[in-house]
Every structure is written in C-alpha cells, then in structure tokens.
Amino acid sequence: MVQSSRQRNLFLAFCLVPTFILFAVFTLYPLFNGLYYSFFKWSGASSLAEFVGFENYRRLFSDEIIPSTIWHDYFLVITKVIGIMILSTFFAVALTQMKIKEAPFYRIVFFFPNIMSVVVIGILWMFIYNPSLGLVNSGLELIGLESWTQPWLGSEDWALPSLVLPSVWAGIGLFMLMLMGGISNISKSYYEAAEIDGATEWQQFWKVTLPLIWPQIKISILYIIITTLNGSFIIVQVMTKGGPNNSTHVMGSYLYEQAFVKYNFGYGATIGVMILVLSLVTVLIMQFLMRREKVEY
C-alpha cells in the first residue's frame with residue numbers, strides 16, 4: 001500500500017513520541033535532576049537546598065569508603081562475568097550439542113531464578129548461609145569439614161565473596177538462553193565439515209562455535225557489567241546492608257545509605273554521578289577491548 005509522506009511521518013511520530021516521553025520522564029529527568037542536586041547540600045525532605053558548588057565532589061574524593069565501594073563493585077563485575085559466562089556457555093553447549101532428552105526441562109530449571117525477585121533470592125541465600133541451620137555449614141559438617149564452617153555473611157573476609165554465588169546462580173539462565181539461540185542458528189554443515197577435517201569436539205567449540213556466537217557473548221558481558229554496577233546494591237541491601245564494617249558496601253548501597261538513611265541527598269546524588277561516569281567509561285573500554293570483525297563462514 002502506498003503511503004504519503006505525511007501519513008508515514010504521522011505513523012513514525014505515533015510510535016516514537018510516547019517512547020521518547022517515557023524515556024525523558026524516567027531516564028533523562030532523573031539523570032539531570034541528580035546532576036543538579038549534586039551541587040547542593042540537601043536532606044531530601046526539606047524545602048531548603050543550600051548551593052555548595054563542588055563541595056560534594058571534594059568530599060567524594062576524600063571519602064575513605066568510596067575506594068573500597070568501587071573495588072567491591074568491580075570485584076563483583078569480574079567474578080560475575082567469569083562465573084556466569086563460563087557456566088552459561090557450558091550449559092548452552094551441553095543442551096544444544098549433546099542431544100539431552102531432558103533439555104527443555106533443564107532450560108526451565110536454569111531460567112527459574114530469573115523470574116524470581118532479587119529480594120527473594122537474597123532472603124533464600126541468607127538462609128543457605130545461616131551459620132546454624134544453613135545448607136553450607138551443614139554440608140561442610142556432614143563431610144567432616146567442621147573447621148571450615150563460619151558465619152559467612154558476618155565475616156569481613158568472606159561476606160563479599162559470599163555474594164558472588166547467589167549473583168551467579170541468578171544470572172546463568174538468561175545468558176544460557178541467549179547463547180543457546182546463537183548456537184541454534186549455526187548451520188550443522190560447519191560442524192560436519194570440521195569433523196571431516198579431523199577436528200575434535202573441543203576444536204569445533206573453539207574454531208566454530210565460539211567465533212560465531214561472539215556477538216551474543218559480547219552483549220552478555222556488557223549487560224552483566226551494566227547491571228552489576230547499577231544494580232548490585234539490591235542484593236547487598238538485602239543480605240548484608242553493606243556490613244560487616246563496610247566490607248560489602250558497593251557504590252549503590254553507599255548511595256542509598258547516604259541519601260535515604262543519613263539524609264545527605266546532595267552527596268548521594270554526587271555518588272550517583274560517579275556511578276554513571278564509571279559505568280560509561282567501563283562499557284566504552286570493554287567495547288574497545290572486545291571489538292572484532294564479524295566472523296562468517
């Protein structure tokens with residue numbers, strides 16, 4: 001059907017304008033509003049906000065807790081990327097290449113944590129880590145490793161690493177399905193040709209599967225980085241609230257504490273600006289490091 005230029009423009013406006021309005025209200029406005037309040041000393045509840053210029057930023061660079069929160073965030077980023085990508089790739093290859101009859105059932109099992117609230121996941125793993133009744137300490141005692149038992153979430157050394165396992169467990173299913181979609185689109189003729197040439201299954205994975213699903217891997221890694229830097233505070237708030245002794249505070253949880261517990265809303269907005277800058281810089285660096293030409297056979 002032939003459409004006039006006016007009809008086409010109206011259709012595009014009908015599709016794009018509502019989306020842009022929602023984007024402006026829920027993304028652009030909070031972004032610029034947070035940047036604006038980072039120059040004020042404000043409790044968040046009072047009608048009076050005192051302009052302090054760059055005082056909040058000077059405080060940010062002298063705050064002793066900030067470097068540790070940045071390290072904690074990037075520790076979670078690194079461990080989640082490694083753990084999730086290795087396990088999701090393994091399960092994706094296994095469920096698509098090994099012809100497992102129960103593959104549909106395992107897809108549901110692995111994806112199930114993704115439909116659960118992060119709060120529910122945090123509470124569940126708090127019970128698992130419980131020093132007295134939790135599965136971790138009970139399992140260690142069962143196999144004769146009583147000396148290894150400890151209050152996992154109450155230890156300054158183990159509280160942060162203990163957050164990695166529930167984070168990885170919750171993220172495997174989504175990225176496994178993404179990789180399975182990429183693997184399913186690879187023509188079987190490539191594997192047949194590789195097998196005729198004498199390639200082992202391991203060589204087929206490295207030379208055929210991995211290069212052809214690289215776009216999905218790249219997107220998955222970037223998504224993990226973004227969601228971790230901007231959303232890991234949820235599981236921290238639920239499981240440890242930044243403790244013990246600030247040993248699990250990430251940038252987001254420290255922002256929440258400053259803005260909504262101590263009512264330093266202006267300083268909290270400054271931490272939010274720092275999170276935005278670090279997220280953008282990290283994503284740009286990773287896109288540069290992971291860039292490669294598209295592989296076609």
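How many helices and strands are there in the protein chain? There are 13 helices and two strands, and the model you're looking at is a predicted one. Of the chain's 297 residues, 38% count as buried. The C-alpha trace spans about 80 × 75 × 30 Å along its principal axes. If you take contacts between residues at least 6 apart in sequence, 69% of them join residues at least 24 apart.

**Aromatic pairs**

- The structure holds 23 aromatic pairs.
- Take W42 and F265: their ring centres sit 5.0 Å apart with the planes at 70°, so this pair is edge-to-face.
- That pair ties together distant parts of the chain, since W42 is in the loop between β1 (40–41) and β2 (50–51) while F265 belongs to helix α13 (residues 265–289), 223 residues apart.
- W42 counts as buried, with 16% relative accessibility, whereas F265 is partly exposed at 24%.
- F54 and Y57 make a tilted pair, with 6.0 Å from centre to centre and 55° between the planes.
- Within that pair, F54 is exposed, with a relative accessible area of 53%, but Y57 counts as buried at 15%.
- One aromatic cluster takes in Y36, Y37, F40, W42, F51, Y256, F260 and F265.
- There's also a charge over a ring: R59 lies over the face of Y267, 3.9 Å from the ring centre.

**Two loop residues to look up**

- Y263 is placed in the loop between α12 (251–261) and α13.
- Setting aside residues up to four places away in sequence, Y263 touches W42, S43 and Q258.
- Y263 and F20 are 243 residues apart along the chain, and their C-alpha atoms are separated by 32 Å.
- S155 turns up in the loop between α6 (135–142) and α7 (159–184).
- S155 counts as buried, because its relative accessibility of 14% falls under the 20% cut-off.
- Beyond its neighbours within four places in sequence, S155 is in contact with Q150 and P244.

**Annotated transmembrane regions**

- An unreviewed UniProt entry carries the annotation "transmembrane region" for residues 12–32, 74–96, 108–128, 158–179, 221–240 and 265–289.
- In the model, residues 158–179 come out as 95% helix and 0% strand, with the end C-alpha atoms 32 Å apart.
- Residues 265–289 are 100% helix and 0% strand, and here the end C-alpha atoms lie 36 Å apart.
- F265, from the edge-to-face pair with W42, is in helix α13, whose residues are 265–289.

**The largest pocket**

- The volume of the largest pocket is about 880 Å³.
- It is lined by 25 residues, and the closest to its centre are V93, Q97, E201, F205 and T209.
- Elements giving two or more residues to the lining are α3 (65–97), α8 (188–196), α9 (201–212) and α10 (214–231).
- Helix α3 supplies the largest share of that lining, with ten residues.

Conventions
Residues are numbered from 1 along each chain as its sequence is written. This is a predicted model: local features need pLDDT of at least 70, side-chain atom pairs count only at pLDDT 80 or more; totals for chains, interfaces and linings use all residues. Side-chain values use heavy atoms; hydrogens and water are left out. Rings of Phe, Tyr and Trp (its six-membered ring) pair if their centres lie within 6.5 Å; planes under 30 degrees apart count as stacked, over 60 as edge-to-face and the rest as tilted. Helices (H or I, at least four residues) and strands (E, at least two) are DSSP runs, numbered from the N terminus. Buried means under 20% relative accessible area, exposed over 50%, partly exposed in between (1.4 Å probe, protein chains only). A charge sits over a ring if NZ of Lys or CZ of Arg is within 6 Å of the ring centre and within 35 degrees of the ring normal. Contact means heavy atoms within 4.5 Å. UniProt positions are given in the numbering used here, feature names are shortened, and annotations may be inferred rather than shown by experiment. On a 1 Å grid over the protein atoms alone, a cavity is a set of points where a 1.4 Å probe fits but cannot get out, and a pocket is an open set with protein on both sides within 12 Å along at least five of seven lines; lining residues have an atom within 4 Å of a point. Grid points are joined across faces, edges and corners, and a volume is the space filled by probe spheres set on the points.
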